[in-house]
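Work through the exercises below with the sequence and the model side by side. Try each task before you read its solution.

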Amino acid sequence: MSQYIAMNRFLVIPENEEAFQKRWLDREVLLKTVPGFVSFQFLKGPEKEGARLYASHTVWDSYDAFVAWTQSEQFRQAHAGAGQGRALTAGPPVFEGFSVLQNVTV
């Protein structure tokens with residue numbers, strides 16, 4: 001079984017960047033309590049179309065572990081206020097999921 005990477009991309013207008021970052025960085029991270037969770041990265045990217053690109057990047061032991069997370073109580077708690085964050089972004093998040101074919105580490 002291969003690892004699975006789940007990513008959400010967000011476009012954030014410049015005046016909302018600080019609030020958007022704070023919302024992510026100050027939250028309780030419930031992922032650590034979920035079986036199959038490997039790692040999480042909160043990424044800040046380049047400016048694109050007058051907004052800043054951000055991404056959440058989560059690595060899972062398997063696709064099944066990711067699906068179990070999306071059906072968990074921790075997921076419901078983590079996303080309870082998600083609608084409030086939409087005002088900080090230029091549109092809804094864009095989800096992308098990937099099965100890992102190769103993983104090279106140190």
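Predicted model: local features only at pLDDT ≥ 70, side-chain atom pairs only at ≥ 80, totals over all residues.

Residues are numbered from 1 along each chain as its sequence is written, and side-chain values use heavy atoms, with hydrogens and water left out.

**Exercise 1. Find the partner of Arg9 in a salt bridge, and say which parts the pair ties together.**

Step 1. Apply the cut-off: a salt bridge needs a side-chain nitrogen of Lys or Arg within 4 Å of a carboxyl oxygen of Asp or Glu. The structure holds four of them.

Step 2. Look around Arg9. Its partner is Glu96, with the closest N and O atoms 3.4 Å apart.

Step 3. Arg9 lies in strand S1 (residues 4–12) and Glu96 in strand S4 (residues 94–99), so the bridge ties together parts that are 87 residues apart in sequence. Helices (H or I, at least four residues) and strands (E, at least two) are DSSP runs, numbered from the N terminus.

Step 4. Check accessibility. Buried means under 20% relative accessible area, exposed over 50%, and partly exposed in between (1.4 Å probe, protein chains only). Arg9 is partly exposed at 25%. Glu96 is partly exposed at 27%.

**Exercise 2. Describe the salt bridges of Glu17 and Glu73.**

Step 1. Start with Glu17. It bridges to Arg52, and the closest N and O atoms are 3.3 Å apart.

Step 2. Locate the pair. Glu17 sits in helix H1 (residues 17–25) and Arg52 in strand S3 (residues 51–60), so parts 35 residues apart in sequence are tied together. Glu17 is buried, at 13% relative accessible area.

Step 3. Turn to Glu73. Its side chain meets that of Arg76 in a salt bridge (3.3 Å, N to O).

Step 4. Locate this pair too. Both residues lie in helix H3 (residues 73–78), three residues apart, about one turn of the helix. Glu73 is partly exposed at 43%, and Arg76 is partly exposed at 47%.

**Exercise 3. Classify the aromatic pairs Phe42 with Tyr54 and Trp69 with Phe75.**

Step 1. Set the rules. Rings of Phe, Tyr and Trp (its six-membered ring) pair if their centres lie within 6.5 Å; planes under 30 degrees apart are stacked, over 60 edge-to-face, and the rest tilted. The structure holds 16 aromatic pairs.

Step 2. Take Phe42 and Tyr54. The ring centres are 5.7 Å apart and the planes stand at 15°, so the pair is stacked.

Step 3. Phe42 lies in strand S2 (residues 37–48) and Tyr54 in strand S3, so the pair ties together parts 12 residues apart in sequence. Phe42 is partly exposed at 22%, whereas Tyr54 is buried at 1%.

Step 4. Take Trp69 and Phe75. They are edge-to-face, at 5.2 Å centre to centre with 85° between the planes. Trp69 is buried at 7%, whereas Phe75 is partly exposed at 23%.

Step 5. Widen the view. Trp69 and Phe75 belong to one aromatic cluster, whose members include Tyr4, Phe37 and Trp60.

**Exercise 4. Which residues does Phe98 touch, not counting residues up to four places away in sequence?**

Step 1. Find Phe98 in strand S4. This residue is partly exposed, at 40% relative accessibility.

Step 2. List the contacts (heavy atoms within 4.5 Å). Phe98 touches Gln3, Tyr4, Ile5 and Met7.

Step 3. Consider the chain. Phe98 and Gln3 are 95 residues apart along it, and their C-alpha atoms are separated by 8.6 Å.
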